[in-house]
Amino acid sequence: TGTFYTVFVRTIMYSAAVTAGCVALAIPYAYLVVRTDRTLFRYLLLFGLFVPFFTGVIIRAYGWLIILGENGLLNWVLGTLSLPTVSFLGTPVAVLLGLLQYLLPFAVLMLTPAIASIDTDLERAAKNCGANQWQTFRHVVLPLARPGITAATIVSFTICMANYSIPDLLGGGTLSFVANFIYNQVFGTLNYPFAAVLSVVLVAVASSFVLVVFKMYGTGTLGVEVDEA
């Protein structure tokens with residue numbers, strides 16, 4: 001029970017951190033995809049967004065193994081520069097990087113339609129009233145993109161909570177998530193009843209998170225849309 005509590009807390013904390021990072025990076029990424037006037041730059045952004053979907057999560061995790069491994073690309077660059085090598089595998093940094101890279105495209109896809117639906121005249125009006133680019137983005141774009149931010153938060157958190165391969169490969173077996181713990185109960189100790197209970201708990205926590213987010217932001221978002229209409 002104590003081990004599961006540790007794994008469960010780790011899963012929630014890592015999922016929250018990855019979700020915050022995904023949303024923070026996805027907002028400017030989606031905004032550039034929608035608002036940029038440079039066709040080539042937009043194609044490059046879309047290329048970087050959709051290519052990861054053509055590779056499986058395990059392949060992407062192995063890609064990070066090649067980069068962060070003891071004899072990987074990062075240590076090769078450090079050695080070339082006569083700098084001390086580092087070992088990232090089996091550390092929180094490796095797991096967080098892998099999860100962030102895996103979930104970022106999902107967050108961008110959730111945010112892009114929300115930002116695309118914002119009338120550009122509203123941004124021009126804010127600038128005509130004296131607002132700079134940051135003030136316009138903060139007070140006009142972000143509030144109107146709240147439905148997309150809510151969707152990106154839910155999708156990133158729930159997928160991260162149930163992830164198995166990235167914590168297993170990049171965590172080196174020392175940073176297991178709940179899914180890894182359930183797998184060990186099923187195939188390691190053959191404790192099927194306990195694994196079933198853990199699965200129900202995982203689904204219940206993820207569902208509770210979705211419910212809380214909808215209660216906090218879903219109704220408010222609808223209210224904003226109704227008031228504006």
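Leu83 is partly exposed, with a relative accessible area of 43% (buried means under 20%, exposed over 50%, and partly exposed in between, using a 1.4 Å probe and protein chains only). You'll find Leu83 in the loop between helix H4 (73-80) and helix H5 (92-116). From the C-alpha of Leu83 to the C-alpha of Val205 is 44 Å in space, and the two are 122 residues apart in sequence.

A quick word on what you're looking at: this is a predicted model, where local features need pLDDT of at least 70 and side-chain atom pairs count only at pLDDT 80 or more, while totals for chains, interfaces and linings use all residues. Residues are numbered from 1 along each chain as its sequence is written, and side-chain values use heavy atoms, with hydrogens and water left out.

## The whole chain

Now for the overview. The chain has 11 helices and zero strands, so its pattern along the sequence reads α-α-α-α-α-α-α-α-α-α-α. Helices (H or I, at least four residues) and strands (E, at least two) are DSSP runs, numbered from the N terminus. Along its principal axes, the C-alpha trace spans about 65 × 50 × 30 Å.

Of the 229 residues, 37% count as buried. Take the contacts (heavy atoms within 4.5 Å) between residues at least 6 apart in sequence: 73% of them join residues at least 24 apart.

## Where H7 meets H8

Helix H7 covers residues 133-144 and helix H8 covers residues 146-161; their axes come within 4 Å and cross at roughly 60°. Axes here are lines fitted to C-alpha atoms, for helices over the stretch in contact, and angles run from 0 to 180 degrees between N-to-C directions. H7 and H8 are therefore oblique to each other (under 35 degrees counts as roughly parallel, over 145 as roughly antiparallel, 65 to 115 as roughly perpendicular, and the rest as oblique).

Which residues do the meeting in H7 and H8? On the H7 side they are Leu142, Pro143 and Leu144, and on the H8 side Arg146, Pro147 and Ile149. Sorted by class, this contact has five nonpolar residues, no polar ones and one charged. For that sorting, Ala, Val, Leu, Ile, Met, Phe, Trp, Tyr, Cys and Pro count as nonpolar, Asp, Glu, Lys and Arg as charged, and the others, Gly among them, as polar.

## Rings together

A pair of aromatic rings is described by the distance of the centres and the angle of the planes. Rings of Phe, Tyr and Trp (its six-membered ring) pair if their centres lie within 6.5 Å; planes under 30 degrees apart count as stacked, over 60 as edge-to-face and the rest as tilted. By this rule, there are nine aromatic pairs. One of them is Tyr31 with Phe137: the ring centres are 5.2 Å apart and the planes sit at 85°, so the pair is edge-to-face. Tyr31 belongs to helix H1 (residues 2-35) and Phe137 to helix H7, so the pair ties together parts that are 106 residues apart in sequence.

Glu123 lies in helix H6 (residues 120-128) and is buried, with a relative accessible area of 5%. Its side chain is joined to that of Arg35 by a polar contact of 2.8 Å. Such a contact is a pair of N or O atoms within 3.5 Å; within protein, one must be able to donate a hydrogen and the other to accept it, and residues adjacent in sequence count only if both atoms are side-chain atoms.

Setting aside neighbours within four places in sequence, Glu123 is in contact with Tyr31, Arg35, Ile118, Thr136, Val140 and Val141.

Ser165 sits in helix H9 and is buried, with a relative accessible area of 10%. Beyond its neighbours within four places in sequence, Ser165 is in contact with Val57 and Ile58. Leu175 lies in the loop between helix H9 (165-170) and H10 and is buried, with a relative accessible area of 10%. Not counting residues up to four places away in sequence, Leu175 touches several residues, including Arg10, Tyr14 and Pro167.

Leu190 is in the loop between helix H10 (178-187) and helix H11 (192-228). Leu190 is exposed, with a relative accessible area of 53%, and has a positive phi of about 60° although it is not a glycine.
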